[in-house]
Amino acid sequence: MTATSLNPEPPVRVRIRTHRLVLYTVLVVVTGLFLGPFGWLVLTALKTPAELASAPVHWVPAHIQWHNFADAFDLIDFLGYARNSLIIAFLYAGLVTLSSAWVGYGFARLSAPGKKTLFGILIGSMMLPQMITLLPTYLIFAKLGMVDTYWPWVLWGLSSAPYLVFLFRQFFAGLPRELEEAAIVDGCGYGTIFWRIFLPQSWPVLSASFVIAFTWTWGDYIAPQLLLSTDKSTLAVAVMTTYVSSAGTPITNLQAAASVMYVVPILLIFLVAQRGFVAGMSTTGLK
Amino acid sequence: MRPHAGAPMSRRRFLSLSAAGAAGGAAALSGCAMQVSSGVGGGSGETVTMMVKADDITPDLVQQALKDTGIAIKRVDFDITKLIAMLTSGNPPDLVRGVGAVDAAYFAAREVMEDLDPYFARSQVLRRDDLDPVNDLWRFDGTTQGKGPRYGMAKDFSQDSMYWYNTSAFDKQGVSYPAELEPTTYEEWLDTAQRLVQRSKGQTSLFGGTYNGLLKATLMSTLTASAGGSLFNDDFSRVDFTTPEARKALGWYIEYCRLKVGASPILPDPNGWDGPTYQAGRLAMCNSGYWMGGMIATDPKLAEVSRLAPTPVFEGGPRVSACQAGTGLWMPKKAPHKDAAWRIFEWYFGEAPAKARASGGWGIPTLKSLRPLMPAKAEHQKRVLKVQENELKHFSVVAFSPYTTGDSFEALFNQVAPAAMKGEISVDTLAGRLNSVLNEQLKRGKEQVG
């Protein structure tokens, strides 16, 4: 065709470069959109109150206020609240990962009448908003004398979580039947098969599950706010409620500094468990 | 019909308390014959649970309470859902924070508050003749706020329709200052705000003035009172924005928003409130009462150029200077440690914490005997105090409806009113729409109370 001869297609290498350029540009823009709010939070944490209210907007602080981080740390019992958050998060994440693996194993490898229906109900319960169960949950724990204790997180941990059960079920369903059959021939029961064979193979999902569960609990505001008194509460609640002046007005820059510090443990845990997390999400078919 | 004391919690009652998104508890009104505290000194060695915000009781004050009274305080963050849950479970906090202007009638009507009259009658610390009239915000006689038994007390207060202004902003624009003790009119206030506002390249470098009150509920009811009317009917079961007075108040506020001379629902302040904007010198007039002087005093330069001005009036209207908050504490009827709670109540409102608040300048003390502690050493403090003392003569309680929460009113108002603020509908259309949505809400509230 004439047009082809007049405008010959660019060489493959050029086309690949162009595609990559477009792809990277889109990725940079999307990354910027995701990082934008966090970047604004960091900048807010480094400003004075006057600079926060200035016009036109000071995007970059004129004098960086590093001491805001120290002030935010000192204004409340930051370490105490962080310790409470860590206790609850490790407790829940550890227990729920094990219990969800156990339940997921059952759904993946065992047969029983009504299994599919039961699994459907379990997955359907993910659609139930937390707000709906809030008051009944409080009333139950109040009757059991567990308000203002960490027992609710132990019980929640032991009860497994539908999403994590689904995650484990998907993973275990993909493991070869021969493994199980060989173990049965060797005289293993289902419990031994789970502990000795399936669980050691599932470290990527265990890692993903732990990170997810830890993040849920670390970031949860509603449950600790509802069930714990101020001194036993978590960092998420403290950051939201305690950075106020004596007149109750918000101290925005210190709250922003505290929020930045609040994110750090999650980032560290993700960095440590990153490989397992990514592998876990890939191997369960949820990529 | 109201539930009888001692009756088990009905489903209807449970729903009435939680569905409204506020308030308190079905607490199957225990009805035990009222057991009154033995008074001062009760409850030593006990632990009192206080549902408060962080600034109400600091950890230092918790320590001080233990030292002063022998009573330990367990703090619980104020949260309305948690309050409902605690009331419903029958194990409420001993003392709860509340905004007297909007919470007192609401909770009292639902019979979850303890009548504190017998406690006040016996108290040597909180004598009834020493109580500032602002504490009447915590009274409710079954129909009207401001009368009847006392259900709580304000920790400090301001007359929240007053405003602060920055003299340097006035000087720059060559605008004369408002009179020191005589009120300007709302119409003049808006005109002044327009003259002061500074805009450049689509950005506002100096806002002329903000006027949003504390809550839309109290703002609209006090503005209507200033126009000589009432936003509610006699039994507080309906609003009417189409009366000449309410229409005037609504029209003025919508005009204020439309002119964009200051923050409003369609032009929110990025700081969440206008104090930092005023502090940064970007706001010429700021609708806040005496309490904001506490913040202003922390910056000597700002204090020097700041003046407090009386609440404006509408032309031909009465001079009304209400308190739109009166934040304080109340005691649930089923509080487990009433004696200890009352002792902490006395300590908080009449002893060391009350004295510290009074001398801090963050609000007017709610005991008349503590007024001499208000800061008056520096020149700017003397100026402010003079204006404030004169303004107290014009204080009155503007009663609010027991059938809605301030938050519900705010949410519905902010849902409907922006269309008028943007000029998409007329003020008359807005008045009709507000009547419709708010009266529906009030009707539900009245059904719940019975």
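Tutor: Two residues are in contact if their C-beta atoms, placed from the backbone, lie within 7 Å of each other. The model is predicted, and local features need pLDDT of at least 70 and side-chain atom pairs pLDDT 80 or more, while totals for chains, interfaces and linings use all residues. Residues are numbered from 1 along each chain as its sequence is written, and chains are lettered from A and ligands numbered from 1 in the order in which they are written.

Student: How many helices and strands does the secondary structure of chain A come to?

Tutor: Helices (H or I, at least four residues) and strands (E, at least two) are DSSP runs numbered from the N terminus. Counted in that way, the secondary structure of chain A comes to 15 helices and 0 strands.

Student: Is chain A compact or spread out?

Tutor: The radius of gyration, taken over C-alpha atoms, is set against a globule rule of 2.2 Å times the number of residues to the power 0.38. For the 287 residues of chain A this rule gives 19 Å, and the radius of gyration is 25 Å, well over that value. The C-alpha atoms fill a box of roughly 85 × 75 × 30 Å along the principal axes. Relative to a compact globule, chain A is therefore more spread out.

Student: Where does Ala45(A) lie, and is Ala45(A) buried or exposed?

Tutor: Ala45(A) lies in helix α2 of chain A, which covers residues 12-45. A residue counts as buried if 20 or more other C-beta atoms lie within 10 Å of its own, as exposed if 12 or fewer do, and as partly exposed in between. Ala45(A) has 24 C-beta neighbours inside 10 Å, so it counts as buried.

Student: Which residues does Ala45(A) touch, not counting residues up to four places away in sequence?

Tutor: Helix α2 of chain A, residues 12-45, is where Ala45(A) is found. With residues up to four places away in sequence left out, Ala45(A) touches Asn68(A), Phe69(A), Asn253(A), Ala256(A), Ala257(A) and Val260(A).

Student: How are α5(A) and α12(A) oriented to each other?

Tutor: The axes of α5 (residues 78-109) and α12 (residues 203-219) of chain A come within 8 Å and cross at roughly 140 degrees; axes are lines fitted to C-alpha atoms, for helices over the stretch in contact, and angles run from 0 to 180 degrees between N-to-C directions. Angles under 35 degrees count as roughly parallel, over 145 as roughly antiparallel, 65 to 115 as roughly perpendicular and the rest as oblique. The orientation of α5(A) and α12(A) is therefore oblique.

Student: How many nonpolar, polar and charged residues does the contact of α5(A) with α12(A) have?

Tutor: Among the residues that meet are Ser85(A), Ile88(A) and Tyr92(A) in α5(A), and Leu206(A), Phe210(A) and Trp218(A) in α12(A). Ala, Val, Leu, Ile, Met, Phe, Trp, Tyr, Cys and Pro count as nonpolar, Asp, Glu, Lys and Arg as charged, and the others, Gly among them, as polar. By these classes, the contact of α5(A) with α12(A) has 11 nonpolar, 5 polar and no charged residues.

Student: What is the radius of gyration of chain B?

Tutor: The secondary structure of chain B comes to 18 helices and 14 strands. The globule rule gives 22 Å for its 450 residues, and chain B is as compact as a globular protein of that length, so its radius of gyration is close to that value, at 22 Å.

Student: How many of the 450 residues of chain B, in percent, count as buried?

Tutor: Along its principal axes the C-alpha trace of chain B spans about 65 × 50 × 35 Å. Within this chain of 450 residues, the share that counts as buried is 55%.

Student: How far apart in space are Trp347(B) and Leu126(B), C-alpha to C-alpha?

Tutor: Trp347(B) lies in helix α13 (residues 338-350) of chain B, and it is buried, with 21 other C-beta atoms within 10 Å. Trp347(B) and Leu126(B) are 221 residues apart in sequence, while from C-alpha to C-alpha their separation in space is 9.3 Å.

Student: Which helix is α16(B) roughly antiparallel to?

Tutor: Helix α16 (residues 406-416) and helix α18 (residues 427-449) of chain B pack at an angle of about 150 degrees, with their axes 10 Å apart. That angle makes α16(B) roughly antiparallel to α18(B).

Student: Which element gives the most to the side of chain B that touches chain A?

Tutor: The contact takes 33 residues from chain B and 29 residues from chain A. On the side of chain B, the elements giving two or more residues are β2 (72-77), α3 (80-88), β10 (203-206), α10 (275-279) and α11 (293-296). With 5 residues, the element that gives the most to this side is α3(B).
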